[in-house]
Amino acid sequence: MTQLGFQLYSLHAVDDPLPAVLERVGETPFDGVEFAGLGDASVDELDAALDAAGLDAAGAHVGLDALEADPAGVARTYRDLGCEAVAVPWLDPEHFASVDAATAAGERLAAAADDLAAHGVDLHYHNHDQEFTDLDGGPAIDALLDAADGVGYQVDLGWAGAAGYDPLAVLDRYADRVDLVHLKDYDAAAGETVEVGAGDLDVAAAVDAVREADVDWLVYEAEDRPDSYATLDAAAGVVDADW
């Protein structure tokens with residue numbers, strides 16, 4: 001059954017320490033959170049905060065360089081938080097400038113996935129819009145995933161839509177590799193992401209598609225107002241309206 005997560009990057013600029021942010025998220029309908037760094041808090045403090053808030057760890061965003069530098073340490077940190085999935089959140093556009101570049105990036109991801117798997121953690125890749133650059137008549141994400149054996153695909157619906165693709169068609173196409181989905185909206189004409197409910201994404205249809213695909217986690221993410229709990233309130237309103 002699909003659970004609802006909240007990406008903590010959405011509140012990365014609030015003044016409160018991360019345990020206090022977790023307490024606030026625990027007051028909403030979300031089942032869990034996706035980490036985007038741990039701030040100054042210790043793993044023990046965050047684990048206690050998760051328990052107190054009644055939240056699970058849906059996943060974590062961790063840069064590829066950090067994964068390559070210390071896969072065992074990354075895996076230990078997030079497993080101690082009850083998290084068994086991490087996602088690389090970003091690769092620079094240069095990695096999607098050619099088929100060869102995307103293939104090389106995919107091979108790096110595959111190697112990192114092997115290293116993490118040895119420590120009981122799964123690796124996923126999260127898209128923005130550069131992954132949909134046209135390469136030989138298809139999106140660059142194809143070349144990346146073709147080379148990324150053992151790597152799941154965290155579809156960001158908003159960025160796929162901003163890139164000019166039907167995000168639900170992207171989800172359907174790669175459904176066998178998708179356990180994590182980012183719920184984000186987009187303005188197709190502007191080619192930009194927007195707050196969920198303010199753009200062109202059919203939110204109800206997206207929720208239905210994610211449930212049909214039996215995705216593990218649908219994770220809400222916002223890129224505006226990261227310094228305000230109004231972002232969390234808006235996210236909770238989407239859950240109340242569409243879940």
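Which elements make a right-handed β-α-β unit? In this predicted model, where local features need pLDDT of at least 70, side-chain atom pairs count only at pLDDT 80 or more, and totals for chains, interfaces and linings use all residues, the unit is made by β4, α5 and β5. Residues are numbered from 1 along each chain as its sequence is written, and side-chain values use heavy atoms, with hydrogens and water left out. Helices (H or I, at least four residues) and strands (E, at least two) are DSSP runs, numbered from the N terminus. A crossover is termed right-handed if, with the strands pointing away from the viewer, the path from the first strand over the helix to the second runs clockwise.

The strands of this unit were examined through their pairing, which requires that DSSP finds at least two bridges between two strands. Strands β4 and β5 run parallel and are joined by four bridges; within this pairing, Ala-87 stands opposite His-124 in β5. Strand β4 also pairs with β3, in the parallel sense and over two bridges, and here His-61 stands opposite Ala-87. In a regular strand the side chains alternate between the two faces of the sheet. In β4, Ala-85 and Ala-87 point one way, whereas Val-86 and Val-88 point the other way, and all are buried. Buried denotes under 20% relative accessible area, exposed over 50%, and partly exposed the range in between (1.4 Å probe, protein chains only).

Strand β5 (residues 122–126) contains His-126. With a relative accessibility of 2%, His-126 counts as buried. Its contacts (heavy atoms within 4.5 Å) include His-61, Val-88, Pro-89, Trp-90, Asp-156 and His-182, when residues up to four places away in sequence are not counted. A polar atom of the His-126 side chain lies 3.0 Å from the backbone oxygen of Pro-89. The loop between α5 and β5 holds Ala-118, which is exposed at a relative accessible area of 63%. The C-alpha atoms of Ala-118 and Asp-224 are separated by 37 Å, with the two residues 106 apart along the chain.

The interior was described through nonpolar cores, each a set of buried Ala, Val, Leu, Ile, Met, Phe, Trp, Tyr and Cys residues joined through side-chain atoms within 4.5 Å. The largest core has 79 residues, of which Phe-35, Tyr-78 and Leu-123 touch the most other members. Helix α5 (residues 99–117) gives the most to this core, with six residues. A second, separate core consists of five residues, including Ala-58, Ala-85, Leu-180 and Trp-217.

In helix α4 (residues 71–79), Pro-71, Gly-73, Val-74, Ala-75 and Tyr-78 are buried. The buried residues of α4 pack against β2 (32–35), β3 (56–61), α3 (64–69), β4 (85–88) and α5. Helix α6 (residues 140–147) is mostly covered, with seven of its eight residues buried. The buried residues of α6 include Ile-141, Asp-142, Leu-144 and Leu-145, and the elements against which they pack include α5, β5, β8 (151–156) and α8 (167–173).

A search of the whole structure finds six aromatic pairs. Rings of Phe, Tyr and Trp (its six-membered ring) pair if their centres lie within 6.5 Å; planes under 30 degrees apart count as stacked, over 60 as edge-to-face and the rest as tilted. The ring centres of Phe-6 and Phe-30 are 5.4 Å apart and the planes are at 55°, so this pair is tilted. The pair links distant parts of the chain, with Phe-6 in strand β1 (residues 3–7) and Phe-30, 24 residues apart from it, in the loop between α1 (18–25) and β2. Phe-6 is buried at 0% relative accessibility, and Phe-30 is buried at a relative accessible area of 4%. The pair of Phe-35 and Tyr-78 is also tilted, because the ring centres are 6.4 Å apart and the planes are at 50°. This pair links Phe-35 in strand β2 with Tyr-78 in helix α4, 43 residues apart. Phe-6, Phe-30 and Tyr-220 form one aromatic cluster.

Arg-225 has a positive phi of about 55°. The loop between β12 and α10 (230–242) holds Arg-225, which is partly exposed at a relative accessible area of 35%.

Conventions: A polar contact is a pair of N or O atoms within 3.5 Å; within protein, one must be able to donate a hydrogen and the other to accept it, and residues adjacent in sequence count only if both atoms are side-chain atoms.
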